[in-house]
Amino acid sequence: MVINTLKTITNSTDIKQGITLAAATSAIKIIKNTKTFINIWDIAIGNKLEAWNQKSIFKNQQDIENYKNEYLNKISQIPSEKFQEPKLSVIGPALEASKFYIEEKEIRLLFVNLISSSMNSNFNSRLHHSFVEIIKQLSPYDAKILSTLDSNPQPIVDIIIKKGTTDGILYFEGICTLYQNLYFSDSISENDSNNISIDNLIRLNLINLIPSGLTNSELYNHYLDSNTFKSLSNRFPDQTLTIQKMAIQLTSFGEAFKNICCEQISE
């Protein structure tokens, strides 16, 4: 009885019309709200994105033109007797990968140097297929630091506490590292991202970390005067901070990569 009554109510014309009207009203509200959203989007974001997109297109065209000119300039410097057809196994992946890095000048130049070197027989013995993948894993700042290094070891430090005390009470004995791989030089300014770049260059086997350091202690004096050392000393006033002296230098792999890919990067 109850079921039949419900069927009668559901099938009634008034109920059907009411449902249809409610659905239409809801649809109209959705359309209005959607239009409102679109209008707000266009005013607040859409127009700005369109302007940004136009600027990006223009900049991308400039970057592509710069890439072409840099490439042609490098090719023109190859002696005619040294010019060779490049290996497809190098130039193919290099050109394919480079299109994603055209806007980053330092990385773009790495690709320019690699591609042009593949056309110069002078570099045949040093050119390695993995260089394309190495470039893809470098930041512009990594490339800048790498370009300043050579086979001569350069000083680098960890900032450490050898013994930890609080109110004169020893709470640990050993070495606590507060900051790893602090590195800067005359050509590389002190920067919080330097140690990230050093870690990445070590990971890629482009540089070696030498734990024993250099015998000339004066080469490390600038680290004791660094902003990083002073800042940590202020944070830990009860501790005696010192530096763990180490060194970094190019690996043979890193030296080959630098000689082929890093020309003009630091300029």
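Glutamine 137 is partly exposed, with a relative accessible area of 36%. The model in which this residue is described is a predicted one. Glutamine 137 belongs to the loop that joins helices H5 and H6. Although 67 residues separate glutamine 137 from leucine 204 in sequence, their C-alpha atoms are 8.5 Å apart in space. When residues up to four places away in sequence are set aside, glutamine 137 touches Asp142, Asn200, Arg203 and Leu204.

Mean pLDDT over the chain is 81, and a value of 70 or more is reached by 72% of the residues. Over residues 1-10, by contrast, pLDDT stays under 50. For this stretch the model has three contacts beyond four places in sequence.

The packing of two helices was considered next. Helix H3, which spans residues 88-98, packs against helix H4, which spans residues 105-117, at an angle of about 160°. The axes of H3 and H4 are 10 Å apart. Because angles over 145 degrees count as roughly antiparallel, H3 is described as roughly antiparallel to H4. The crossing of these two helices, H3 and H4, is left-handed. On the H3 side, the contact is made by Val90, Ile91, Ala94, Leu95, Ala97 and Ser98. On the H4 side, Phe111, Leu114 and Ile115 take part.

Attention then turned to buried positions in other helices. Lysine 74 is part of helix H2, which covers residues 13-76. With a relative accessible area of 11%, lysine 74 is buried, since the term applies to values under 20%. Apart from neighbours within four places in sequence, the residues in contact with lysine 74 are Val112, Asn113, Ser116 and Glu263. In helix H10, formed by residues 252-261, the buried residues are Gly254, Ala256, Phe257, Lys258, Ile260 and Cys261. The elements that cover the buried residues of H10 include H4, helix H5 (131-136), helix H6 (140-148) and strand S4 (241-250).

Most residues other than glycine have a negative phi. Asparagine 181, which is not a glycine, has a positive phi of about 55°. This residue, asparagine 181, lies in strand S2, which runs over residues 169-182. Asparagine 181 is buried, and its relative accessible area is 6%. Asparagine 205 likewise is not a glycine and has a positive phi, of about 60°. The position of asparagine 205 is in the loop between helix H7 (194-203) and strand S3 (207-210). Asparagine 205 has a relative accessible area of 40% and is partly exposed.

Strand S2 also contains glutamine 180. Between glutamine 180 and isoleucine 160 there are 8.7 Å in space, C-alpha to C-alpha, and the two residues are 20 residues apart in sequence. Not counting residues up to four places away in sequence, glutamine 180 touches Val157, Asp158 and Asn195.

Note on methods
Residues numbered from 1 in each chain as written. Predicted model: local features only at pLDDT ≥ 70, side-chain atom pairs only at ≥ 80, totals over all residues. Heavy atoms only, no water. Axes fitted to C-alpha atoms, helices over the stretch in contact; angles between N-to-C directions. Helix = DSSP H or I, 4+ residues; strand = E, 2+ residues; numbered from the N terminus. Parallel < 35°, antiparallel > 145°, perpendicular 65-115°, else oblique. Left-handed = near helix turned anticlockwise from the far one by under 90°. Contact = heavy atoms within 4.5 Å. Buried < 20%, exposed > 50% of the residue type's maximum accessible area, 1.4 Å probe, protein only. pLDDT = per-residue confidence, 0-100.
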